[in-house]
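Q: I am new to this structure and would like to learn how to read its features one at a time. Could we go through them together?

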Amino acid sequence: MSKTLSGAEDYTARQRYSIMISAMLGYILDFYDVLIFPFLLPAIQRSMSLSLTEIGSLQALTLFGSAIGGALFGVIGDRLGRKTSLQLTIALFSVAAIISAFAWNYWSLAVLRFITGIGLGGEYGVGMVLFNEAWKKGSRGLGAAALQGCAVIASSTASIVGIWLIATFSDEWSWRIGLLSGGVPILLIIFIRFFMPESKIWLEYEAQRKAGPVAAAAAARTLPLADLFRNGLARQTVTAFVWLMSYMLCYYSVVSFIPTLLLRDMHTPGDVVRTTAVLLSVVSGICYLANGFFNDRAGRRFGALVPALFWVGSLVGMAVWGSQLYAGSKTEWPMFWLYIGFGIGNVALGVTGVWISELYPVNLRATAVSTFYMGGRGLGSIAPVIVPLAAAHFGGSLLNGMVAVALPAAATFILASLLLPETLGRDLSAKGFKADAESEPAMKAAPVSSV
């Protein structure tokens, strides 16, 4: 049998960096589409005369669709390969994003955003798994954090473009141009097709699986989602899903509404909001890299817990001081610092892709990462629905509604982080998969190597 493939030494530098570039660009463009949407919602609301509930449901449908796409393209990534799945998911969300710019009423936009969400759902998980399988084990945490940190590029770009569109064009045209820009990723498919290699670990796994006809037939009959609960993985699977769900619920409870809160309710000047968002992106980018550096030394749990403490602190601060309006000085405005603090907490996301990749074997890895991440995002999609309900309970205060939903979610994230097993130093190779009649349909994760 050929030697076991275990990581970056099996790729040329050109191949590794083509994988990184593909994953980074895909994630930037994916997240850009998600984050520009909240900036466009006021224009959509006025243009189509929609209620706040209908506006919230558009964001919720996008996120819910991503949950379905995560499971679908994760399975495709494990069955047909990481590269094939990545091309399909980018094609779907790009085309749907372009068509959504031509929606004519609420229902047409709702359906098209749902389809866009399905396409968005597969890109992150498959790209993250491919990256982790190709990168060096000793710097996997830093690399994954850098990849995840591309969210700050997407966030700052979305805020700049979103505010510029609203200020420059009419309500009717601003949101249509914004959604049309979400179709740019379709160009990335050309790069992936010709320059990005398939995961060599997945290719080895596939060769081993096909080598045993009985095992191959058994693998074909199994349901990948069900396999996530077999062979002692059930408790880990439930915990990991709750972990991602609580992160997404906390995150979207704030980011889905903070543009509306600052611009509409607190009457903050647009240039102040834009400057704050750009500064937050710079700070977050630095924190992503710093957190990734320590992920490879202090462990994956460290990378989740430390940022989560910033979440808790900023949310408590919002409840106490967040209602104070901007009075001409950003440094004296409490929300400026609280928004920055919440953004630092967001860098906990940098550890999610690598931690889950290390928790599962090669034949379930893409399914696990995509399903948990996008399933969590899908359940997090209830944030745009329940935050207005919570706000109504607190006398119409959007800020109080945001905190009431986000703070318990942050606490749940911390608890789940304490329950997940540490995986620092784990081997991601296909070693352990047996292509014979007696092999299990879902290989157990390899033991953690000493570090």
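Q: How many cavities of 30 Å³ or more does the structure hold?

A: Keep in mind that this is a predicted model. A cavity is a space where a probe fits but cannot get out, and the structure holds six of them at 30 Å³ or more. The largest cavity contains about 330 Å³ of space.

Q: Which residues lie nearest the centre of the largest cavity, and which elements give two or more residues to its lining?

A: The lining of the largest cavity is made up of 23 residues, and those nearest the centre are Leu35, Ser155, Tyr251, Val255 and Asn346. Two or more lining residues come from each of helix 1, helix 6, helix 12, helix 13, helix 14 and helix 16, and helix 14 gives the most, with five residues. By residue class, the lining of the largest cavity divides into 17 nonpolar and six polar residues, with no charged ones.

Q: What is the volume of the largest pocket, and what lines it?

A: A pocket, unlike a cavity, is an open set of points, and the largest pocket here has a volume of about 410 Å³. Its lining has 23 residues, with Pro38, Leu41, Pro42, Pro259 and Thr260 lying nearest the centre. The elements that give two or more residues to this lining are helix 1 (13–48), helix 2 (52–79), helix 6 (151–168), helix 13 and helix 19 (383–393). Helix 1 gives the most to the lining of the largest pocket, with six residues, and the lining as a whole divides into 15 nonpolar, six polar and two charged residues.

Q: How many residues of helix 16 are buried, and what covers them?

A: To read burial, one looks at the relative accessible area of a residue, and a value under 20% counts as buried. Helix 16 runs over residues 334–345, and its 12 residues reach 17 Å from the first C-alpha to the last, close to the expected 16 Å. This helix is mostly covered, with 11 of its 12 residues buried, among them Pro334, Met335, Tyr339 and Ile344. The cover over the buried residues of helix 16 includes helix 12 (234–255), helix 13 (258–265), helix 14 (270–298), helix 15 (300–321) and helix 20 (398–419).

Q: Where is Gly341, and which residues is it in contact with beyond its neighbours within four places in sequence?

A: Gly341 belongs to helix 16, and it counts as buried because its relative accessibility is 11%. Once the neighbours within four places in sequence are set aside, Gly341 is in contact with Phe310 and Ser314. The C-alpha atoms of Gly341 and Pro307 are separated by 9.2 Å, although these residues are 34 apart along the chain.

Q: Why is the pair of Trp311 and Phe342 stacked? And why is the pair of Trp164 and Phe169 edge-to-face?

A: A pair of aromatic rings is described by the distance of the centres and the angle of the planes. The structure holds 21 aromatic pairs. In the pair of Trp164 and Phe169 the ring centres are 5.5 Å apart and the planes stand at 85°, so this pair is edge-to-face. Both residues count as partly exposed, Trp164 at 48% relative accessibility and Phe169 at 32%. The rings of Trp311 and Phe342 have centres 5.8 Å apart and planes at 25°, so this pair is stacked. Because Trp311 lies in helix 15 and Phe342 in helix 16, the pair ties together parts that are 31 residues apart in sequence. Trp311 is buried, with a relative accessible area of 0%, and Phe342 counts as buried at 1%. Trp311 and Phe342 also belong to a cluster linked by ring pairs, which includes Tyr27, Phe31, Trp243 and Phe413.

Q: What is the phi of Ser49, and where does this residue lie?

A: A backbone angle can be read together with the place of its residue. Phi of Ser49 is near 55°, a positive value in a residue other than glycine, and Ser49 lies in the loop between helix 1 and helix 2. With a relative accessible area of 63%, Ser49 is exposed. Asn231, which is not a glycine, has a positive phi of about 55°, and its place is in the loop between helix 11 (224–227) and helix 12.

Technical notes. Residues are numbered from 1 along each chain as its sequence is written. This is a predicted model: local features need pLDDT of at least 70, side-chain atom pairs count only at pLDDT 80 or more; totals for chains, interfaces and linings use all residues. Side-chain values use heavy atoms; hydrogens and water are left out. The expected span of a helix is 1.5 Å times one less than its number of residues. Buried means under 20% relative accessible area, exposed over 50%, partly exposed in between (1.4 Å probe, protein chains only). Contact means heavy atoms within 4.5 Å. On a 1 Å grid over the protein atoms alone, a cavity is a set of points where a 1.4 Å probe fits but cannot get out, and a pocket is an open set with protein on both sides within 12 Å along at least five of seven lines; lining residues have an atom within 4 Å of a point. Grid points are joined across faces, edges and corners, and a volume is the space filled by probe spheres set on the points. Ala, Val, Leu, Ile, Met, Phe, Trp, Tyr, Cys and Pro count as nonpolar, Asp, Glu, Lys and Arg as charged, and the others, Gly among them, as polar. Rings of Phe, Tyr and Trp (its six-membered ring) pair if their centres lie within 6.5 Å; planes under 30 degrees apart count as stacked, over 60 as edge-to-face and the rest as tilted.
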